[in-house]
Amino acid sequence: MKSGVPDTLITDDPRLAAEICRTGRAVAFPTETVYGIGAAIDCPNAIREIYSIKGRPANNPLIAHLSDPEQISTLASSRRGYVNALVDAFMPGPLTLILERAGHIPESAFPELPTIAVRVPDHNLALSFIDAVGSPVVAPSANRSGRPSPTRWEDVRDDLQGSCACILRGDPAIRGVESTVLDCTGEVPQILRPGSVSLEDLRQVVADVRTTGDVELLSRSPGTRYRHYAPDAEVVLVDAPPVNPPDGAVFVGMSAVGRPDRWLKTFHPADLSEYARMLYGVLRDADRLGASAVFCQRVESAGVGAAIMDRLSRAAAR
Ligand code: TXA
Ligand code: MG
C-alpha cells in the first residue's frame, strides 16, 4: 500500500519489506522495544545508507538482529559459559549480547570493534521480516540521531519519510525503551546500557552481573558517547509535579497533578512498564504540541526504572 510519503513505501507485509531490503535498501521495521532501520548484513551500500539517513557517527556499530538464537554461533567466534543460560532465559527478547565477532563477518556495520552485538526480537512481524531477508539484519533504532527512538510507525515516518525506502508498519512497541546491552566478552557480564531486561532479571539467571560506571561505559559502548533521546522542548526531572508550571508545559509521571487546567497535557502511566512504554511517545508528542517544557517525574531506579531513569537523565542533559 502506498502512502502519501514521497518515495517511502509503507507496508504491513514483511515479505515485501524483505524484498526491498534484499535489493540493497534500508527498511524500517517494528520490534518489541522500538522501531529499527535495518539492512541485510551483506549489503554494505544499505548499511552506508543507514548511517547517512540517521546522521549516525561512523564509528557507532549496529546490532545484528536474528530470527533464531541458533544463528548466534554463525556470527560469534566464541562464547563464555554463562551465555547459553542468558540465551535460554531471554531470547527472543529485549536483550542484546556483545560477543566476540567471528572473523569472516563483513565489517561495515561493526566499525573499530572486534565484537558484535546480537539480538533476537520478541516480535512476530520482526521475526518474519528477518526470516524473509534470509540473513542477519543489522539495525539501529529508526530515529534521526539525537531524537527519541520511535515507538510508533508514525514516529518513524516523521523522522525518515522520503529518505528511507520502506517502513514495515506494526503496532506501537510494547516495551518502549531499547534493549539491555550486555557485554558478554568478560568473565562477568556487564550492562553497557540498561534496558527492558533489568539487572534484577539478569541476576536471576547469572548470579554475578556488573553495571558499568559512566566513564568506562563511554569507551566500551560507542553509542553512549552521544546525546540521545532528547526532544526540542526542555526536559525537567522532578520528584513531584510542580504546583505552578510554566505556560505550555507537559507532565508525565505516576502522581496526579493538582491543577490539570494549568498543564498543556498530562500523562499518567499506571506503573513502570507503562511509563517505559509511553515515555518516548510523550517526548515526541510534546514537540508536536509545541510544548515549552516536559516535566518528567523521577522513578525508583530498580527494575525497568533503571532504564527509565537512564533515558530521562540523557533527555534532560543539555
Ligand atoms: O532495542 C534495541 O536495541 C533497538 C532495536 C531496534 O533492536 N536498537 C537499538 O540500536 O537501540 P541502537 O543502535 O540505537 O543502539 C545500540 C547500542 C548503541 O549504543 C551501540 O553503540 C551499542 O548498542 N553497540 C552496538 N554494537 C556494540 C558493540 N559491539 N560493543 C558495544 N556496544 C555496541
Ligand atoms: Mg538508538
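V250 stands opposite K265 in strand β15. That pairing is a handy way into this structure, which is a predicted model. V250 belongs to strand β14, made of residues 249–252, while β15 covers residues 265–267. The two strands pair in the parallel sense, over three bridges.

β14 has another partner as well. Four bridges join β14 to strand β16 (residues 293–297), and these strands also run parallel.

Now for the wider sheet. Strands of a sheet pair through backbone hydrogen bonds, either parallel or antiparallel. In this case four strands form an open sheet in the order β13-β16-β14-β15, and the pairing is parallel. The edges are taken by β13 (234–238) and β15, each of which pairs on one side only. Going from one strand to the next, the twist averages 20°.

Two helices go with this sheet. Helix α9, residues 272–288, lies across β13, β14, β15 and β16, and runs at about 165° to β16. Helix α10, residues 305–316, packs on the sheet too, touching β13 and β16. The direction of α10 makes about 135° with that of β13.

Two packed helices are described by the angle between their axes and the distance between the axes. For α9 and α10, the angle is about 20° and the axes are 9 Å apart. An angle under 35 degrees counts as roughly parallel, so α9 and α10 are roughly parallel to each other. Their crossing is left-handed. On the α9 side, the contact is made by L272, Y275, A276, L279, Y280 and L283; on the α10 side, G305, I308, R311, L312 and A315 take part. Sorted by class, the residues of this contact come out as nine nonpolar, one polar and one charged.

From α1, the contact uses P14, R15, A17, A18, C21 and R22. From α5, the residues are L125, S128, F129, A132 and V133. The contact of α1 with α5 has eight nonpolar residues, one polar and two charged.

Finally, a couple of backbone details turn up in loops. One is a cis peptide bond, which joins M91 and P92 and has an omega of about 0°. P92 sits in the loop between α4 (81–90) and β6 (95–101). The other detail concerns E112, found in the loop between β6 and β7 (115–119). Phi of E112 is near 70°, a positive value in a residue other than glycine. Is E112 buried or exposed? With a relative accessible area of 68%, E112 is exposed, because the cut-off for that label is over 50%.

Conventions: Residues are numbered from 1 along each chain as its sequence is written. Chains are lettered from A and ligands numbered from 1 in the order in which they are written. This is a predicted model: local features need pLDDT of at least 70, side-chain atom pairs count only at pLDDT 80 or more; totals for chains, interfaces and linings use all residues. Side-chain values use heavy atoms; hydrogens and water are left out. Contact means heavy atoms within 4.5 Å. Ala, Val, Leu, Ile, Met, Phe, Trp, Tyr, Cys and Pro count as nonpolar, Asp, Glu, Lys and Arg as charged, and the others, Gly among them, as polar. Buried means under 20% relative accessible area, exposed over 50%, partly exposed in between (1.4 Å probe, protein chains only). Two strands pair if DSSP finds at least two bridges between them. Axes are lines fitted to C-alpha atoms, for helices over the stretch in contact, and angles run from 0 to 180 degrees between N-to-C directions. Angles under 35 degrees count as roughly parallel, over 145 as roughly antiparallel, 65 to 115 as roughly perpendicular and the rest as oblique. A crossing is left-handed if the near helix is turned anticlockwise from the far one by less than a right angle, and right-handed if clockwise.
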